[in-house]
Amino acid sequence: MTARIWLALALIPCTPGWALESGDTVYVRARNTKLLKEPRANAPAGRTLNVGEALTWRKAEAGNFHEVQPTGEKKAGFVYYANLALKPPREERWAASNTTTDVEDFGSSGAATKGLAQGAVQLAATDASLARAATALKALELLQAGITDDELDAQLLRSGQEARK
Amino acid sequence: MTGWARAVLVTGLVAPLSSCLHVQLVPGEVPSVEVRSPFRPHPECEQLKLADVGLGEELSLGDAMALRVVSARGGLALGDAGGSAEEKQLAARARRVALVGAAVAHVSERPLVPWRFGVLQAPEVNAVSAPGGAVFITRGALARVENEDQLAGILAHEVAHVAGRHALGRYGEEKARTCELVQVVRDHRPSFPGEPPPSFSDSPFWQRHFPAFAHYVDVVLRGATVDFDDAVLVPVLGNLSEKLVDGLLRVGLDKEAEFQADAGAVDLLLTLGYRPEEFIRFVEQLPHDGDVFSHHPGPAARRDAMLAHLSRRRAEENPLRPQPRKVPVPLPPELK
């Protein structure tokens, strides 16, 4: 190999990228992620995938969809890129001392409301201004919980899909 | 006089003398006391700064802090979808902010947190977040936003603070400070042969006068989970949340945390397909005087750090990221 080729190789920027190859593992990022039967929004859906579930990546499709196969299953399907991650999402534990993940009920959309923590409710009862704030926060929580998965999907498409234009 | 009252008295008298020296008092009515410098850090207290906090404790503290923020900044602009035209407009705006925030949170490092995104009535230009996923942007900041990329960037900056548990770091520091204070009192307390180590919750003096603090201190010193939903701890929760929010709104987090949140915002924007350059431009145009983001590093330093981070990220290959957008996402009608 000539010195010129060595020099050219040395000048290639070192990019710590994550080039995916068929067979690599990706993870489900969020709850209510559907395994779609076709690589398009509003395609008929197969089963709902679990948060953190490992999937075998097959290939990228047009429109930021990816063909994936749930581990141990024969049938592949399609997932929008924003619902996939290269690392599993961070586990949440209700108490720091817990050894297993025990928080799965809260999601970024469509989740049941958790309600204000009891301590905050009791604190709000000590002051009129805090009580008004508590009422507002409860209303905000209802507003947030009222956002549907369809609305969230449309919002994710709004920023991600238009990028192709 | 109880042992603890004597300890407080002795501490009050001796502490000023003992800041630099170890003082051995002459035996007398008060038993022999070895005074330790109050400025020598206790390792068990230092550990509290970095101790992990479960989501239950985080949410309890975060909800109390959210109450303080909303109360201090004039309430939330929620509107009324069934009200007047103006109220409907406010409701639509609140919903859009919640939706953009939900998308940002969806691709964050902590998608399982119960995120909430609200608009504060305050006219100042600011955004703030509390542990557990309560994120707020002020009406003043919203009015300056020119496109959805900038709004997403502001929310993403706060999401990155929550994901990085930056405010929880302050909470850890508060715990460590409380622990140090208590240890100083313990160090100066007269010791009686055969007496077990003092416990605040067992002390009649502290139980009678400061039951909440005594209970809190015992939990903190054990390194156990603080159950802020316990009614006895409401005064402590009130005090802590007030102190932490006051610090957040007046002084803010440290510069390192702000730079981290900026980098996190750039990452989130890239993942969603937004243009980080738009958020950088928003930051660059912020005045850096008065109360407006005054606790953040200067706009020029933030811009340079974000541009460098963006350049590194763009050089990376990430198949789970859309192609860079050429033009920003226009503001939806309800935000204009």
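How many residues from chain B and from chain A does the contact take? The answer is in the second view below. This is a predicted model, in which local features need pLDDT of at least 70 and side-chain atom pairs count only at pLDDT 80 or more, while totals for chains, interfaces and linings use all residues. Residues are numbered from 1 along each chain as its sequence is written, and chains are lettered from A and ligands numbered from 1 in the order in which they are written.

**View 1. Here is chain A, with 4 helices and 7 strands.** Helices (H or I, at least four residues) and strands (E, at least two) are DSSP runs, numbered from the N terminus. Starting at the N terminus, the order is α-β-β-β-β-β-β-β-α-α-α. Of the 165 residues in chain A, 31% are buried (20 or more other C-beta atoms within 10 Å of the residue's own, with C-beta atoms placed from the backbone).

**View 2. Here chain B touches chain A.** The contact takes 58 residues from chain B and 66 residues from chain A; two residues are in contact if their C-beta atoms, placed from the backbone, lie within 7 Å. On the chain B side, α3 (55-72), α4, β1 (116-120) and α10 each give two or more residues. The largest share, 10 residues, comes from α3(B). By class, this side of chain B has 36 nonpolar, 12 polar and 10 charged residues (Ala, Val, Leu, Ile, Met, Phe, Trp, Tyr, Cys and Pro count as nonpolar, Asp, Glu, Lys and Arg as charged, and the others, Gly among them, as polar).

**View 3. Two helices called α4, one from each chain, pack together.** Helix α4 (residues 149-160) of chain A and helix α4 (residues 85-106) of chain B pack at about 80 degrees, their axes 9 Å apart. Axes are lines fitted to C-alpha atoms, for helices over the stretch in contact, and angles run from 0 to 180 degrees between N-to-C directions. That makes the pair roughly perpendicular (65 to 115 degrees). Among the residues that meet are Leu152(A) and Leu156(A) from α4(A), and Leu99(B) and Val100(B) from α4(B).

**View 4. Strand β2 of chain A has alternating side chains.** β2(A) pairs with β3(A) (residues 45-49) in the antiparallel sense over 3 bridges; pairing takes at least two DSSP bridges. Thr33(A) sits opposite Leu49(A) in β3(A).

Key
Parallel < 35°, antiparallel > 145°, perpendicular 65-115°, else oblique. Buried ≥ 20, exposed ≤ 12 C-beta atoms within 10 Å, placed from the backbone.
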